[in-house]
Amino acid sequence: MLFRLLRLILIAALVVSASPSFEAMAQALGQGAAGLITDQQKVIQGLTAKTDDLEKKIQQNVEDDATLVEIRLQLEELSRAALTSALAFRSRLTDINNRVETLGPPPAAGQPQEPDIVIGERQALASEKAEINAVIAAAQNLSIRINGLIDKIGNMRSELFRNLLTKRYVLSDALSPQVFSDAQDEYANFYSAVSSWLSFALKFKFQAMLAATFMALALAAVMLVGGRRLFGRIFEANPSIEDPSYLSRLSVAFWSTLLPTLAVGVFLISTVFFFNYYNVLRGDIGVFLNALVAVIAMVFCVNRLTNAALEPRLPNWRLIPVETGPARWLVRLTTAMAVVIGLNNFLAVVNDKMGSPLSLTIARSFVATIVFGVILILMGLLKPFRASDGTWRPWPAWLRFTSIALGVFTIATALLGYIGLALFVSLQVVVTGTILVTAYIGFLSARAIGEEGGFAGTSIGRWLSTNSSYEDTALDQLGLVVSVAINVMIVLVFLPLILLMWGFQPGDIQAWAYKLATGITVGSVTISVTGILTGIIVFIIGYFLTRWFQGWLDGSVMARGRVDTGVRNSIRLAVGYAGVALAALVGISAAGIDLSNLALVAGALSLGIGFGLQNVVSNFVSGLILLAERPFKVGDWIVAGDTSGTVKKISVRATEIETFQRQSVILPNSSLINNAVGNWTHRNKLGRIDIKVGVAYGSDVKRVHAVLLEIARSHPLVLKNPEPFVLFANFGAAALEFEIRVFLADVLNGNIVQNDIRFAVLDTFDREYIEIPSTARAVVEHKNPEAWPIDDDKIEAEFAEREQAEVEAAAEKKRLAKSGRKPRKPDPD
């Protein structure tokens, strides 16, 4: 209670002391807020009026799909404008809420009343907030209404598409003799319109037509010639190559379809553009020319694709192993299909523009679908393969039956009166089929280029290998990049074409592209392709700037300052890690990701650190300690447990040590911090080496001492100060033991010095007749075990002979005993 009274007294004092300025500021703020509210109310009123007009247009264009798409795009712009109007009050609402929080809650009943000026300000803030909320509510209601109209347009377009496919026409009127008379009249009117325009254009716009045509041809030539210069002969089949690779055939088929088609498309589109720019085209002629351009482009693309895939003149470049005669027929039939469908679409535009009778439109579509179905059946019945015995074989069963089934289906639907469905199927077979086949060839080509050694086999890869320093590994990596780029290009080019063929309007693709670029909301997360790409680009720029700054700092600043190598390495690593981390944070912010949302991730990581990432964090912290304290640096010779070698790299997780056997050992930093580590070159490379020598008992030990000391002093790498020393170390079991102790300026040369001194000891002892004893070794006699019997019959025979000899000897002994004579001794040899 006391604190509240003090606060009220302080507020009153401030109000009394600064009431004029406070009132002036409040008045200015109120006028600014009132102006903002008035402006946004006018904006919302204007958006509401536009919405009313568009709603009327929807009712007037129920049957026009293209107009409905345009209206939907305008409605989406109005919806975004309404949301922008509502967001205009965000900062003001924040100020109001902060001011109300500063004033605190109003006093309860029985408490002292606030000053009048505080009460007035509280009421003004509440009133202003109510007005703002009313404007925001109006904007939200308008946005809801607009979204409802957008959904209504989507439903209407779906219904239009279903009616197009399921509407049945009566064929009796379309097949009557009156149709021929209507067709003659239609042709006469069309000829009259085109001839009158052509005569006028040639008389008054000839120079403009000539200039427009010339510029269109120039653009097409630039693209075609530029494509040839860029890709070499990659889109032309080389007749001299007898057995081209599959990748070469794929590349030729894809690029020989895509590049010439793009060149023709550029020529046709630029022709129409320049004709419009120079006011050469009349309204109806412009519509006719646009339709004719689309037909020419479609027929040319289909013809190029079939020629590229079948190559009637070059059998070894064919993607499909068909015979030459069937290949020519397939090219003719597919081109005929494209001509039939393209001509039908062109005549549809002419009929629509000139107000032709419905019977003529039905008859035209009926004839086109019947011809198309017959062509499909003929293609399915074609036998393009030749067996080894000379007989002709048809297509595989699934492809043959699919083609025949589509042809029969098209003819049947046309005969039943479903002309729209038959035309739709025909158009998809020709146009969508061409697009899908071209895209599939492109995907196969990209996959072949991305395989190991694939890009090096292309003409561009061979040129790079000859004229640059790229190795096979670099070419493979470049091939992966090219493969990804081709795949992305195929998706960006062919996917919109397929969507257009399936009834979607350019406005649909534009709306989807806008949503994809500005952000797709999934739950509470907004995914923006533009934001992600921006973040990636920012991170890449930051990464390369960091690498450049590292190189400049190390090579220009620290190298000139003769900074120690270990210090340079530590600073370079610290700058690198800090720069990459900063680039990552800036990239994340540029991608539109709120860093405050990473608090949950940080909490989860801290929990993981507590359980499973202890060793990782321990090594990380140990790495930072090693970089800061520098108990050893890059290039030092250290001994860590059983590992001895030179330090090659110190990172934040582990240290790389290269042993003297050229083995790289990766030691975790925590083991280097927690365990004893010997560093032979910590402050300098000065070090001592010991060489043990044993001489025989009875040798002149003083002479031995003098000889060894002379050998040590005579080596050029042994330091004179500290001077070398020879120690009479021990009376050994088999020798008198001495140690040569010498100091080197670079202890890394220890093996060389030890080797030289040992050779010198052997040579000198040999001259001085000083014996180096060797330890006696026990002689072990090896007894060969008796061989295992091999022939059992032989063993038994020898055993029987011995028994027989023993029996005879015993009998002879008994006989001599009975006769009383002594046995004879054997004669001496």
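A: Start with angles between helices. Angles under 35 degrees count as roughly parallel, over 145 as roughly antiparallel, 65 to 115 as roughly perpendicular, and the rest as oblique. The angle runs from 0 to 180 degrees between N-to-C directions, and the axes are lines fitted to C-alpha atoms, for helices over the stretch in contact. This is a predicted model, in which local features need pLDDT of at least 70 and side-chain atom pairs count only at pLDDT 80 or more, while totals for chains, interfaces and linings use all residues. Residues are numbered from 1 along each chain as its sequence is written, and side-chain values use heavy atoms, with hydrogens and water left out.

Q: How many helices and strands are there, and what makes a stretch one or the other?
A: The protein has 25 helices and twelve strands. Both are DSSP runs, numbered from the N terminus: helices are H or I with at least four residues, and strands are E with at least two.

Q: Which residues of H12 and H14 meet?
A: In H12, Ile 362, Ser 365, Phe 366, Thr 369, Phe 372 and Leu 376 take part. Their partners in H14 include Ile 419, Ala 422 and Val 430. Contact means heavy atoms within 4.5 Å.

Q: What makes H13 roughly antiparallel to H14?
A: The axes of H13 (residues 397-415) and H14 (residues 419-450) cross at roughly 155 degrees and come within 7 Å. The angle is over the antiparallel limit, so H13 is roughly antiparallel to H14. Among the contact residues are Leu 406 and Phe 409 of H13, and Val 425 and Val 429 of H14.

Q: Is the crossing of H13 and H14 left-handed or right-handed?
A: The crossing is left-handed. A crossing is left-handed if the near helix is turned anticlockwise from the far one by less than a right angle, and right-handed if clockwise. The crossing of H12 and H14 is left-handed too.

Q: How do you know how H11 runs relative to H12?
A: H11 (residues 324-354) and H12 pack at about 170 degrees, with their axes 10 Å apart. That makes H11 roughly antiparallel to H12. Their contact involves, among others, Leu 330 and Met 337 of H11 and Ala 368 and Met 379 of H12.

Q: How do you know that the span of H4 agrees with its number of residues?
A: The expected span is 1.5 Å times one less than the number of residues. For the 14 residues of H4 (residues 90-103) that should be 20 Å, and the end C-alpha atoms are 20 Å apart, so the two agree.

Q: Which residues of H4 are buried, and why are they said to line one face?
A: Arg 92, Leu 93, Ile 96 and Leu 103 are buried. Seen down the axis of H4, the buried residues fall within an arc of 100 degrees, so they line one face. The arc is that of the directions from the helix axis to the C-beta atoms. An α-helix has 3.6 residues a turn, so residues three or four places apart point the same way. The face of H4 turned away from the buried side carries the exposed residues Arg 90, Glu 101 and Thr 102.

Q: Why is Val 695 called buried?
A: Buried means under 20% relative accessible area, exposed over 50%, and partly exposed in between (1.4 Å probe, protein chains only). Val 695 has 0%, so it counts as buried. Val 695 lies in S10 (residues 687-695). Its contacts beyond four places in sequence include Val 704, Phe 738 and Pro 773.

Q: Why do Arg 662 and Tyr 769 count as exposed?
A: Arg 662 has 67%, which is over the limit, so it is exposed. Tyr 769, at 76%, is exposed too. Arg 662 has a positive phi of about 65 degrees, although it is not a glycine. Phi of Tyr 769 is near 55 degrees, also positive in a residue other than glycine.
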